[in-house]
Amino acid sequence: MARFFVVIGLGRFGASVARTLLEEGQTVLGLDSKLARIQEMSHLVPRVARCDATDIESLRVLGVPGCDTAVVAIGDSMEASILCTLNLKELGVPRVVAKAVTEQHGKALERCGADRVVYPQRDMGVRVAHNMVAAQVRDYVRLSPSHSMLELAVSSRLAGRTLLELALPQKYGVTVVAVQRGRRVITPPSPDDRLREGDLLVVIGPDKGLVELEEAS
């Protein structure tokens, strides 16, 4: 089921998040205070609007309180990103993911109620967006235009079964290269070892197969 995301700040990072969420089939509203960015993104994101995110009433009028997740991707003003985060929490947005420029900025965002703080130097927009959409996915790295690697948490649906029984290469064309169990990393994993809920599978394969695996998990 598609969820409603609001991306505030359509610079390089925010634009990457917005595009990837749309590719994942999500509903996206893109906001920025700069008219040039709105015009630039209007052909890529169906719903965009010019907005001063430090003005809580502007956010309210645009329907931001109805979103499932808001991404604060403002990069040119720490003060604006902090005020925006405060506004979003005041409006009752259930999940706020905020971009930080420095560790100090990140701590301030956390104190203002951000549910998750990301650092562009470490977290690509594509990776962040993918992790927000797929609840079982703990990490995601694109290896090529068509193949990726992800860490998938073993859910109750997969727990108690072996890799041999799951037959992931045959069903989805993907390969489990490691299993992380607590602090222990099992590589290569035994096909007969029964998975436990909470294990992490490190899986490599084509994007289509990975998406199908996520949906089945």
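Helices here are DSSP runs of H or I with at least four residues, strands are E runs of at least two, and both are numbered from the N terminus. Hi everyone, with that settled, let's look at R116, which sits in strand β6, residues 116–118.

A word on the source: this is a predicted model, where local features need pLDDT of at least 70, side-chain atom pairs count only at pLDDT 80 or more, and totals for chains, interfaces and linings use all residues. Residues are numbered from 1 along each chain as its sequence is written, and side-chain values use heavy atoms, leaving out hydrogens and water.

For us, buried means under 20% relative accessible area, exposed over 50%, and partly exposed in between, using a 1.4 Å probe and protein chains only. R116 and V71 are 45 residues apart in sequence, with their C-alpha atoms 9.5 Å apart in space.

Stepping back, the protein has 9 helices and 11 strands, and buried residues account for 47% of its 217 residues. Of the contacts (heavy atoms within 4.5 Å) between residues at least 6 apart in sequence, 56% join residues at least 24 apart.

Now to helix α9, residues 207–216, whose buried residues are D207, G209, L210, L213 and E214. Seen down the axis of α9, they fall within an arc of 160 degrees, taken from the directions from helix axis to C-beta atoms, so they line one face of the helix. Turned away from that buried side of α9 are the exposed residues K208 and E215.
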